[in-house]
Amino acid sequence: MTDTASFEQVDTPSLLLDLDVIERNIVEMAAVADAAGVRLRPHTKTHKSPEIAGMQLAAGAGGLTVAKLDEAAVMVDAGFDDLLVAFPIVGPLKLARLEALLERAKIRLSLDTVEVAEALGALGVRRGVDLPVLIEVDTGLHRMGRAPGAASAELALQIARIPGIEVIGLLTHAGHAYRATDAGELHAAAVREAEDLLETAARCARGGLELREISLGSTPTARVAAGVPGVTEIRPGTYVHNDVQQLRLGTATIDTCAARVLVTVVARPTAERFVVDAGSKAFSSDGEDGPSWPGRGVVLGRPDLVLDFLSEEHGVGHIEGGGDIAIGTRLQVIPLHVCSCVNLFDTALGIRGDRIDHPILIAGRGRMH
(Lines give C-alpha, C1' and ligand atoms only; values in the text may rest on other atoms or scores of the structure.)
Protein backbone atom coordinates (compact mmCIF):
# COMPACT_ATOMS: atom_id res chain seq x y z
CA MET A 1 0.00 0.00 0.00
CA THR A 2 1.26 3.49 -0.88
CA ASP A 3 0.35 6.95 0.38
CA THR A 4 -2.89 8.37 -1.10
CA ALA A 5 -4.10 4.81 -1.65
CA SER A 6 -7.80 3.99 -1.56
CA PHE A 7 -9.45 2.06 1.25
CA GLU A 8 -9.83 -0.93 -1.05
CA GLN A 9 -6.10 -1.55 -0.65
CA VAL A 10 -6.39 -1.70 3.16
CA ASP A 11 -6.90 -4.98 4.97
CA THR A 12 -9.35 -5.15 7.85
CA PRO A 13 -9.60 -4.47 10.68
CA SER A 14 -7.63 -1.21 10.44
CA LEU A 15 -7.72 2.01 12.44
CA LEU A 16 -8.51 5.11 10.39
CA LEU A 17 -7.89 8.65 11.65
CA ASP A 18 -9.49 11.55 9.79
CA LEU A 19 -6.77 14.20 9.69
CA ASP A 20 -9.12 17.03 8.77
CA VAL A 21 -11.28 16.28 11.81
CA ILE A 22 -8.26 15.93 14.11
CA GLU A 23 -6.94 19.30 12.97
CA ARG A 24 -10.28 20.99 13.62
CA ASN A 25 -10.61 19.37 17.04
CA ILE A 26 -7.11 20.47 18.01
CA VAL A 27 -7.73 24.05 16.93
CA GLU A 28 -11.11 24.18 18.71
CA MET A 29 -9.77 23.08 22.11
CA ALA A 30 -6.73 25.35 21.78
CA ALA A 31 -9.15 28.24 21.19
CA VAL A 32 -11.12 27.27 24.32
CA ALA A 33 -7.96 27.42 26.43
CA ASP A 34 -6.76 30.63 24.81
CA ALA A 35 -10.09 32.41 25.33
CA ALA A 36 -10.11 31.38 29.00
CA GLY A 37 -6.47 32.33 29.55
CA VAL A 38 -5.49 28.84 30.75
CA ARG A 39 -2.80 26.42 29.65
CA LEU A 40 -3.82 23.44 27.54
CA ARG A 41 -1.76 20.40 28.50
CA PRO A 42 -3.49 17.61 26.52
CA HIS A 43 -3.31 14.03 27.68
CA THR A 44 -1.62 11.83 25.09
CA LYS A 45 -3.35 8.65 26.33
CA THR A 46 -5.92 9.00 23.54
CA HIS A 47 -3.61 9.16 20.54
CA LYS A 48 -0.27 7.87 21.91
CA SER A 49 1.34 9.45 18.86
CA PRO A 50 4.26 11.91 18.77
CA GLU A 51 2.97 13.13 15.40
CA ILE A 52 -0.38 14.16 16.86
CA ALA A 53 1.27 15.53 20.00
CA GLY A 54 3.34 17.76 17.73
CA MET A 55 0.16 19.00 16.06
CA GLN A 56 -1.29 19.88 19.47
CA LEU A 57 1.83 21.77 20.54
CA ALA A 58 2.02 23.61 17.22
CA ALA A 59 -1.56 24.79 17.77
CA GLY A 60 -0.72 26.29 21.16
CA ALA A 61 -0.67 23.53 23.78
CA GLY A 62 1.70 24.32 26.63
CA GLY A 63 3.14 20.91 27.36
CA LEU A 64 1.80 17.36 27.40
CA THR A 65 0.29 14.96 29.91
CA VAL A 66 1.11 11.25 30.06
CA ALA A 67 0.10 8.45 32.42
CA LYS A 68 3.19 6.26 32.48
CA LEU A 69 6.95 6.73 32.29
CA ASP A 70 7.05 4.61 29.13
CA GLU A 71 4.71 7.11 27.49
CA ALA A 72 6.87 9.95 28.78
CA ALA A 73 9.95 8.32 27.23
CA VAL A 74 8.17 8.09 23.85
CA MET A 75 7.40 11.82 23.93
CA VAL A 76 10.86 12.81 25.19
CA ASP A 77 12.47 10.69 22.46
CA ALA A 78 10.37 12.68 19.98
CA GLY A 79 11.85 15.94 21.30
CA PHE A 80 9.08 17.08 23.66
CA ASP A 81 10.49 18.27 26.96
CA ASP A 82 7.62 19.63 29.12
CA LEU A 83 5.58 16.80 30.59
CA LEU A 84 3.22 16.02 33.42
CA VAL A 85 3.20 12.38 34.54
CA ALA A 86 -0.30 12.07 35.99
CA PHE A 87 0.28 8.82 37.83
CA PRO A 88 2.13 8.03 41.08
CA ILE A 89 5.75 6.87 40.69
CA VAL A 90 6.30 3.93 43.03
CA GLY A 91 9.33 1.68 43.48
CA PRO A 92 13.07 1.85 42.76
CA LEU A 93 12.78 0.71 39.13
CA LYS A 94 10.46 3.56 38.22
CA LEU A 95 12.40 6.10 40.28
CA ALA A 96 15.57 5.19 38.38
CA ARG A 97 13.80 5.62 35.05
CA LEU A 98 12.33 8.94 36.20
CA GLU A 99 15.79 10.15 37.16
CA ALA A 100 17.08 9.34 33.68
CA LEU A 101 14.18 11.24 32.08
CA LEU A 102 14.81 14.24 34.31
CA GLU A 103 18.16 14.63 32.57
CA ARG A 104 16.32 15.26 29.31
CA ALA A 105 13.05 17.00 30.14
CA LYS A 106 11.09 19.12 32.60
CA ILE A 107 8.73 16.74 34.34
CA ARG A 108 5.95 17.44 36.80
CA LEU A 109 4.47 14.63 38.86
CA SER A 110 1.16 13.93 40.56
CA LEU A 111 0.57 11.95 43.74
CA ASP A 112 -1.82 11.52 46.63
CA THR A 113 0.24 9.92 49.44
CA VAL A 114 3.06 10.90 51.74
CA GLU A 115 4.89 7.65 51.00
CA VAL A 116 5.18 8.41 47.29
CA ALA A 117 6.24 11.97 48.06
CA GLU A 118 8.97 10.85 50.44
CA ALA A 119 10.56 8.61 47.81
CA LEU A 120 10.41 11.40 45.24
CA GLY A 121 11.80 13.83 47.78
CA ALA A 122 14.81 11.59 48.36
CA LEU A 123 15.43 11.66 44.60
CA GLY A 124 15.14 15.44 44.59
CA VAL A 125 17.57 15.82 47.46
CA ARG A 126 20.07 13.56 45.73
CA ARG A 127 19.79 15.64 42.56
CA GLY A 128 19.94 18.91 44.46
CA VAL A 129 16.57 20.13 43.15
CA ASP A 130 13.00 20.20 44.39
CA LEU A 131 10.76 18.04 42.22
CA PRO A 132 7.51 19.82 41.25
CA VAL A 133 4.40 17.88 42.26
CA LEU A 134 0.66 18.35 42.12
CA ILE A 135 -1.59 16.81 44.76
CA GLU A 136 -4.41 14.78 43.25
CA VAL A 137 -7.82 15.54 44.73
CA ASP A 138 -10.91 13.32 44.51
CA THR A 139 -13.68 15.53 43.10
CA GLY A 140 -16.12 12.66 42.63
CA LEU A 141 -14.58 9.80 40.63
CA HIS A 142 -13.42 8.04 43.83
CA ARG A 143 -10.31 6.65 42.19
CA MET A 144 -7.31 8.64 43.44
CA GLY A 145 -6.94 11.39 45.98
CA ARG A 146 -8.51 12.51 49.23
CA ALA A 147 -11.72 14.46 49.45
CA PRO A 148 -11.52 18.17 48.54
CA GLY A 149 -11.24 20.73 51.31
CA ALA A 150 -9.64 20.00 54.65
CA ALA A 151 -8.46 16.44 53.90
CA SER A 152 -6.56 17.33 50.72
CA ALA A 153 -5.26 20.62 52.13
CA GLU A 154 -3.85 18.78 55.14
CA LEU A 155 -2.12 16.30 52.82
CA ALA A 156 -0.68 19.10 50.67
CA LEU A 157 0.72 20.91 53.72
CA GLN A 158 2.25 17.69 55.01
CA ILE A 159 3.88 16.86 51.67
CA ALA A 160 5.15 20.44 51.27
CA ARG A 161 7.36 19.90 54.35
CA ILE A 162 9.20 16.98 52.71
CA PRO A 163 12.73 17.95 51.55
CA GLY A 164 13.26 17.67 47.81
CA ILE A 165 9.58 18.34 46.99
CA GLU A 166 7.86 21.50 45.78
CA VAL A 167 4.07 21.36 45.89
CA ILE A 168 3.07 23.60 42.98
CA GLY A 169 -0.63 22.90 42.74
CA LEU A 170 -3.65 20.64 42.78
CA LEU A 171 -4.87 18.22 40.12
CA THR A 172 -8.06 16.27 39.52
CA HIS A 173 -9.75 14.13 36.90
CA ALA A 174 -13.54 14.40 36.72
CA GLY A 175 -14.12 10.96 35.24
CA HIS A 176 -17.42 10.82 37.12
CA ALA A 177 -18.72 13.40 34.62
CA TYR A 178 -19.15 10.50 32.19
CA ARG A 179 -22.11 9.44 34.34
CA ALA A 180 -23.98 12.70 33.67
CA THR A 181 -27.47 12.14 32.27
CA ASP A 182 -28.00 15.57 30.71
CA ALA A 183 -26.21 18.80 29.81
CA GLY A 184 -27.17 20.49 33.07
CA GLU A 185 -25.71 17.69 35.16
CA LEU A 186 -22.53 17.73 33.11
CA HIS A 187 -22.17 21.51 33.47
CA ALA A 188 -22.67 21.28 37.23
CA ALA A 189 -20.01 18.55 37.51
CA ALA A 190 -17.53 20.74 35.61
CA VAL A 191 -18.13 23.78 37.83
CA ARG A 192 -18.00 21.66 40.97
CA GLU A 193 -14.71 20.09 39.86
CA ALA A 194 -13.10 23.53 39.58
CA GLU A 195 -14.66 24.94 42.74
CA ASP A 196 -13.55 21.95 44.80
CA LEU A 197 -9.92 22.53 43.80
CA LEU A 198 -10.14 26.28 44.36
CA GLU A 199 -11.62 25.79 47.83
CA THR A 200 -8.82 23.34 48.65
CA ALA A 201 -6.21 25.79 47.36
CA ALA A 202 -7.69 28.53 49.57
CA ARG A 203 -7.33 26.25 52.59
CA CYS A 204 -3.72 25.58 51.63
CA ALA A 205 -3.07 29.32 51.40
CA ARG A 206 -4.50 29.86 54.88
CA GLY A 207 -2.05 27.22 56.06
CA GLY A 208 0.86 29.08 54.46
CA LEU A 209 1.12 27.13 51.17
CA GLU A 210 0.53 29.27 48.08
CA LEU A 211 -0.21 27.22 44.99
CA ARG A 212 0.25 28.36 41.41
CA GLU A 213 -1.44 25.54 39.49
CA ILE A 214 -5.07 24.39 39.42
CA SER A 215 -5.11 21.59 36.84
CA LEU A 216 -8.28 19.91 35.61
CA GLY A 217 -8.65 16.94 33.28
CA SER A 218 -11.54 15.39 31.32
CA THR A 219 -12.85 16.16 27.85
CA PRO A 220 -16.50 16.38 28.98
CA THR A 221 -15.76 19.10 31.57
CA ALA A 222 -12.81 20.96 30.02
CA ARG A 223 -14.74 23.58 28.06
CA VAL A 224 -16.74 24.68 31.12
CA ALA A 225 -14.06 24.27 33.78
CA ALA A 226 -11.57 26.32 31.75
CA GLY A 227 -13.76 29.37 32.25
CA VAL A 228 -13.91 29.20 36.04
CA PRO A 229 -11.69 32.00 37.44
CA GLY A 230 -8.63 30.59 39.17
CA VAL A 231 -8.19 27.53 36.96
CA THR A 232 -4.75 27.56 35.31
CA GLU A 233 -4.65 24.37 33.23
CA ILE A 234 -6.89 21.86 31.45
CA ARG A 235 -5.82 18.34 30.43
CA PRO A 236 -8.42 16.85 28.06
CA GLY A 237 -7.41 13.87 25.95
CA THR A 238 -10.35 12.30 24.13
CA TYR A 239 -11.31 15.51 22.32
CA VAL A 240 -8.65 14.95 19.68
CA HIS A 241 -10.48 11.87 18.30
CA ASN A 242 -13.81 11.72 20.19
CA ASP A 243 -15.91 8.55 20.41
CA VAL A 244 -19.36 7.17 21.18
CA GLN A 245 -19.05 8.10 24.85
CA GLN A 246 -18.65 11.74 23.84
CA LEU A 247 -21.60 11.43 21.44
CA ARG A 248 -23.78 10.23 24.32
CA LEU A 249 -22.70 13.14 26.50
CA GLY A 250 -23.35 15.68 23.77
CA THR A 251 -19.71 16.85 23.76
CA ALA A 252 -19.12 15.49 20.25
CA THR A 253 -21.00 14.97 17.01
CA ILE A 254 -20.51 12.47 14.22
CA ASP A 255 -18.64 15.21 12.35
CA THR A 256 -16.11 15.64 15.21
CA CYS A 257 -15.37 11.92 15.58
CA ALA A 258 -12.02 11.36 13.87
CA ALA A 259 -11.35 7.70 14.65
CA ARG A 260 -13.08 4.73 13.15
CA VAL A 261 -12.26 1.06 12.68
CA LEU A 262 -12.54 -0.22 9.13
CA VAL A 263 -14.15 -3.69 9.24
CA THR A 264 -15.58 -6.28 6.84
CA VAL A 265 -18.87 -8.14 7.14
CA VAL A 266 -17.87 -11.81 7.22
CA ALA A 267 -21.11 -13.62 8.10
CA ARG A 268 -24.92 -13.31 8.05
CA PRO A 269 -26.07 -16.22 10.27
CA THR A 270 -29.69 -15.01 10.26
CA ALA A 271 -31.72 -12.40 8.43
CA GLU A 272 -31.29 -9.99 11.36
CA ARG A 273 -27.71 -10.77 12.41
CA PHE A 274 -24.41 -9.72 10.90
CA VAL A 275 -20.82 -10.43 11.98
CA VAL A 276 -17.72 -8.29 11.30
CA ASP A 277 -14.05 -9.23 11.52
CA ALA A 278 -13.24 -7.02 14.54
CA GLY A 279 -13.95 -7.80 18.15
CA SER A 280 -12.54 -6.80 21.50
CA LYS A 281 -8.98 -7.15 20.20
CA ALA A 282 -9.69 -4.24 17.85
CA PHE A 283 -12.31 -2.15 19.67
CA SER A 284 -11.47 -3.18 23.28
CA SER A 285 -14.19 -4.21 25.70
CA ASP A 286 -14.03 -0.98 27.70
CA GLY A 287 -17.02 1.32 28.04
CA GLU A 288 -20.70 0.83 28.79
CA ASP A 289 -23.74 0.83 26.54
CA GLY A 290 -26.02 3.81 26.91
CA PRO A 291 -29.59 4.80 26.11
CA SER A 292 -28.59 6.97 23.17
CA TRP A 293 -26.24 5.73 20.44
CA PRO A 294 -26.76 2.09 21.46
CA GLY A 295 -24.23 -0.67 20.90
CA ARG A 296 -20.48 -1.20 21.05
CA GLY A 297 -19.78 1.36 18.33
CA VAL A 298 -21.57 3.51 15.76
CA VAL A 299 -21.57 2.39 12.11
CA LEU A 300 -21.08 5.44 9.90
CA GLY A 301 -23.85 5.93 7.38
CA ARG A 302 -25.85 2.89 8.55
CA PRO A 303 -27.98 3.82 11.56
CA ASP A 304 -29.91 0.58 11.03
CA LEU A 305 -26.85 -1.47 12.00
CA VAL A 306 -26.34 -1.94 15.75
CA LEU A 307 -23.17 -3.61 17.04
CA ASP A 308 -24.51 -5.61 19.98
CA PHE A 309 -21.50 -7.43 21.46
CA LEU A 310 -17.86 -8.32 20.91
CA SER A 311 -15.91 -11.50 21.40
CA GLU A 312 -12.16 -11.52 20.78
CA GLU A 313 -12.27 -11.55 16.98
CA HIS A 314 -15.97 -11.12 16.21
CA GLY A 315 -18.25 -8.13 16.32
CA VAL A 316 -21.88 -9.23 16.31
CA GLY A 317 -24.79 -6.96 15.52
CA HIS A 318 -28.34 -6.80 14.25
CA ILE A 319 -30.14 -4.99 11.45
CA GLU A 320 -33.13 -2.85 12.34
CA GLY A 321 -36.05 -2.08 10.05
CA GLY A 322 -35.77 -5.07 7.73
CA GLY A 323 -32.66 -3.85 5.91
CA ASP A 324 -29.92 -5.95 4.41
CA ILE A 325 -26.13 -6.05 4.14
CA ALA A 326 -23.96 -8.30 1.99
CA ILE A 327 -21.02 -10.39 3.09
CA GLY A 328 -17.87 -8.55 2.04
CA THR A 329 -19.31 -5.10 2.72
CA ARG A 330 -16.84 -2.76 4.41
CA LEU A 331 -18.00 -0.56 7.26
CA GLN A 332 -16.45 2.21 9.31
CA VAL A 333 -17.26 2.03 13.02
CA ILE A 334 -16.69 4.80 15.56
CA PRO A 335 -15.37 3.07 18.72
CA LEU A 336 -17.19 3.23 22.01
CA HIS A 337 -14.03 4.21 23.91
CA VAL A 338 -11.36 5.50 21.58
CA CYS A 339 -8.44 5.60 24.04
CA SER A 340 -8.40 1.86 24.66
CA CYS A 341 -9.16 1.15 20.98
CA VAL A 342 -6.16 3.14 19.72
CA ASN A 343 -3.91 1.30 22.17
CA LEU A 344 -4.63 -1.95 20.30
CA PHE A 345 -3.06 -0.80 17.01
CA ASP A 346 0.61 -0.34 16.16
CA THR A 347 -0.20 1.99 13.27
CA ALA A 348 -3.20 4.02 12.19
CA LEU A 349 -3.95 5.29 8.71
CA GLY A 350 -4.34 9.04 8.43
CA ILE A 351 -7.04 9.78 5.89
CA ARG A 352 -8.41 12.80 4.06
CA GLY A 353 -11.78 12.26 2.46
CA ASP A 354 -11.84 8.80 0.95
CA ARG A 355 -8.08 8.57 0.44
CA ILE A 356 -5.25 7.45 2.69
CA ASP A 357 -2.79 10.27 3.32
CA HIS A 358 -0.09 8.54 5.37
CA PRO A 359 0.44 6.01 8.18
CA ILE A 360 0.60 7.31 11.76
CA LEU A 361 2.78 5.41 14.22
CA ILE A 362 1.08 4.74 17.57
CA ALA A 363 4.47 4.83 19.29
CA GLY A 364 3.02 4.75 22.82
CA ARG A 365 0.90 1.69 22.11
CA GLY A 366 1.34 -0.91 24.84
CA ARG A 367 3.84 1.25 26.76
CA MET A 368 2.53 0.50 30.24
CA HIS A 369 5.56 0.73 32.56
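The structure is a predicted model, in which local features need pLDDT of at least 70 and side-chain atom pairs count only at pLDDT 80 or more, while totals for chains, interfaces and linings use all residues. Residues are numbered from 1 along each chain as its sequence is written, and side-chain values use heavy atoms, with hydrogens and water left out.

Let us start with Asp138, which sits in the loop between strand S6 (131–136) and helix H6 (150–160). Helices (H or I, at least four residues) and strands (E, at least two) are DSSP runs numbered from the N terminus. Asp138 is buried but has no salt bridge, and Arg179, the nearest side chain of opposite charge, is 7.8 Å away. Here buried means under 20% relative accessible area, exposed over 50%, and partly exposed in between (1.4 Å probe, protein chains only). A salt bridge is a side-chain nitrogen of Lys or Arg within 4 Å of a carboxyl oxygen of Asp or Glu; for charge, Lys and Arg count as positive and Asp and Glu as negative, with His and the chain ends not counted. The Asp138 side chain does reach backbone nitrogens, that of Gly140 at 3.0 Å and that of Leu141 at 3.3 Å. Leaving aside residues up to four places away in sequence, Asp138 touches Arg143, Met144, Gly145, Arg146, Ala147 and Pro148 (contact means heavy atoms within 4.5 Å).

Asp138 also lines the largest cavity, together with Glu136, Val137, Thr139, Leu141, Arg143, Met144, Thr172 and His173. This cavity holds about 40 Å³ of space. On a 1 Å grid over the protein atoms alone, a cavity is a set of points where a 1.4 Å probe fits but cannot get out, whereas a pocket is an open set with protein on both sides within 12 Å along at least five of seven lines; lining residues have an atom within 4 Å of a point. Grid points are joined across faces, edges and corners, and a volume is the space filled by probe spheres set on the points. The largest pocket has a volume of about 1,300 Å³. Among its 45 lining residues, Lys45, Arg143, His173, Tyr178 and His337 are the closest to its centre.

Two residues stand out for their backbone angles. Most residues other than glycine have a negative phi. His142, in the loop between S6 and H6, has a positive phi near 60 degrees, and its 64% relative accessibility makes it exposed. Lys48 has a positive phi of about 50 degrees, but at 8% relative accessibility Lys48 counts as buried.

Lys48 pairs with Glu71 (2.4 Å, N to O). Because Glu71 lies in helix H3 (residues 69–77) and Lys48 in the loop between S2 and H2, the pair ties together parts that are 23 residues apart in sequence. Elsewhere, salt bridges that share partners join Arg39, Arg41, Asp82, Arg108, Glu213 and Glu233 into one network.

Terms used: Polar contact = N/O pair within 3.5 Å; in protein donor to acceptor, adjacent residues only side chain to side chain.
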